Amino acid sequence: DADVALDKLNKQDFQNDARFAAALARSRASSGYGPSRIRAELSTHALGRDDIAAALEACDRDWNASAREIIARRYANKDLGDPAIRRKAVDFLLRRGFEQKSAYGAVRAAPEDQDFAD
């Protein structure tokens, strides 16, 4: 019975791996997660590499800008000139799944470059 139900849902396009992957990737990206973390989570759902790559592409997000925005919000009242705070900020972004280049760039960005009022 379950196989018949799954076949019926698949024919009606209710069961669509690509659509699921894109929705999950957009959800995680809007929650502040980076591409590495999203890719890892998508791979736990037995999705193919093509579906995962397409889902990340569908996010249509500037990951560097996202990392800068997160740092600007989370560390607004902190002195990022302090090496200990910088290290914590970079570690935070790395745990969230951002690439090293994005994490270091976000922490090094000058406050005047972090204009998110738009």
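Trainee: Is S66 buried or exposed?

Mentor: S66 counts as buried because its relative accessibility is 11%. Buried means under 20% relative accessible area, exposed means over 50%, and partly exposed is in between, using a 1.4 Å probe and protein chains only.

Trainee: What sort of model is this?

Mentor: This is a predicted model, where local features need pLDDT of at least 70 and side-chain atom pairs count only at pLDDT 80 or more, while totals for chains, interfaces and linings use all residues. Residues are numbered from 1 along each chain as its sequence is written, and side-chain values use heavy atoms, leaving out hydrogens and water.

Trainee: OK, where does S66 lie?

Mentor: In helix α5, which covers residues 63–74. Helices (H or I, at least four residues) and strands (E, at least two) are DSSP runs, numbered from the N terminus.

Trainee: And which residues is S66 in contact with, beyond its neighbours within four places in sequence?

Mentor: R61 and F98. Contact means heavy atoms within 4.5 Å.

Trainee: Where does A46 lie?

Mentor: In the loop between α3 (35–43) and α4 (49–58). A46 has a relative accessible area of 69%, so it is exposed.

Trainee: What about the phi of D60?

Mentor: D60 is not a glycine either, and has a positive phi of about 45°. D60 is in the loop between α4 and α5, and counts as exposed because its relative accessibility is 71%.
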